[in-house]
Amino acid sequence: MTLDIVIMAAGKGTRMKSRLPKVLHKLAGKSLLQHVLDTTARLGTHPTTVITGHGADEVEHAIASSGARSVRQMPQLGTGHAIQQVVPHLAEAGTTLILNGDVPLIGADTAKALADACGGERLALLTIVLDDATGYGRILRAPGGQVLGIVEHKDATPEQRQIREIYTGIMAAPTGHLKTWVGALKNNNVQGEFYLTDIVAMAVADGVPVVASAAPSETEVLGVNSPVQLADLERRFQLRQAETLLEAGVRLADPARFDLRGALSVGQDVEIDVGCVFEGRVALGDEVRIGAHCVIRDAVIDAGAVIHPFTHIEGAHVGAGALIGPYARLRPGAELGPAVHIGNFVEVKNS
């Protein structure tokens, strides 16, 4: 079955208080939008369109090598208006999966399950129950549980705002129906915008089944609209990565004070003290010990090496059993053999 993927990335992100387009802000060293693109890549090779708007030149430059098509939404008149811009590029039938460029941690399995729930025949909504649903569109259901529609928070009555099941902003729709529905959208609401969520009521009216697919975790569907939310999501993501390493046998002195901004491979009996940052691709051999507050980027550290606190390593290879630091700096091209000792405040480059 044909699958089209659409990523909405046109928003300004006013609450970020930044000149940088919101979707280009970084989480774990990678832009929010790139996280979403990496997820879609794990779904296989499918036509992918990124809808740009605010900061379109920067966003389009950032994704130039991704293979995704970009379509501009100018001006930005709501989520429904965004999808109207991409309609000419969609297939005539099949499923359209709609993701958000500021919801970076959606899992590939979750996205695939949502597309499968649509199956080109049903409107599938990704939902979750939150203790605090402020700001999110609420799922409206009939007494029997059938999904009837979504009401945006700004337009919800006080009673509707008590509903805790929310729409995450992610859906999968039958492409043929989607084209018809977005063409019929009206902007009769407080914001004067074209809401994509209004297609739910259209689906119900057309007899198209509307199904809700539950997200497995809140972290997967959290969006970023402010520096506070970005910082919260960063810590959630880093803790998740730390837990994965702990389960693999790594001894982390404090999982809450650990940052991985890339890929880290580890041997057995590796120890990592607090405040360490790993960037790019880093490999640690068996029984490597990393002292507190080290920054290590694109490096290989062989078995038994000890990296003392406050050492900075980039683009270097450290031999087995070496002792480095504290306060040492290994710059790109540094190749240290087995049992080498580098003392404090020593810098090595291309040597």
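Buried here means under 20% relative accessible area, exposed means over 50%, and partly exposed is in between, using a 1.4 Å probe and protein chains only. As a reminder, side chains in a regular strand alternate between the two faces of the sheet.

Before I go on, this is a predicted model, where local features need pLDDT of at least 70, side-chain atom pairs count only at pLDDT 80 or more, and totals for chains, interfaces and linings use all residues. Residues are numbered from 1 along each chain as its sequence is written, and side-chain values use heavy atoms, with hydrogens and water left out. Helices (H or I, at least four residues) and strands (E, at least two) are DSSP runs, numbered from the N terminus.

Back to E6, residues 95-100. Six of its six residues are buried, so the strand is largely enclosed by the rest of the structure. What does E6 pair with? Strand E1 (residues 3-9) pairs with E6 in the parallel sense, over six bridges, and strand E10 (residues 165-174) pairs with E6 in the antiparallel sense, over four bridges. Pairing needs at least two DSSP bridges between the strands.

Next, helix H8. This one runs over residues 227-247, so 21 residues, and reaches 30 Å from its first C-alpha to its last, close to the 30 Å expected at 1.5 Å a residue. That expected span is 1.5 Å times one less than the number of residues. Buried residues of H8 include Leu230, Leu233, Phe237 and Leu245. What do the buried residues of H8 pack against? They touch strand E2 (26-27), helix H1 (32-41), helix H7 (218-221), strand E12 (251-252) and strand E13 (258-266), where contact means heavy atoms within 4.5 Å. Just after H8, Gly249 takes a positive phi of about 105 degrees.

Now the rings. Searching the whole structure turns up three aromatic pairs. One is Phe258 with Phe278, tilted, at 6.0 Å centre to centre and 40 degrees between the planes. Phe258 sits in strand E13 and Phe278 in strand E15 (residues 276-284), 20 residues apart. Phe278 is at 0% relative accessibility, so it counts as buried. Then there's Phe310 with Tyr327: centres 5.0 Å apart, planes at 5 degrees, so that pair is stacked. The rule is that rings of Phe, Tyr and Trp (its six-membered ring) pair if their centres lie within 6.5 Å, with planes under 30 degrees apart stacked, over 60 edge-to-face and the rest tilted. Ring pairs also link Phe310, Tyr327 and Phe345 into a cluster.

Last stop, charges. Side chains of opposite charge can pair when their charged atoms come close. How many salt bridges are there? The count comes to 20, taking a side-chain nitrogen of Lys or Arg within 4 Å of a carboxyl oxygen of Asp or Glu. Asp102 and Lys22 make one of them, with the closest N and O atoms 2.7 Å apart. Finally, a network of salt bridges links Arg235, Asp259, Arg261, Glu279, Arg297 and Glu314.
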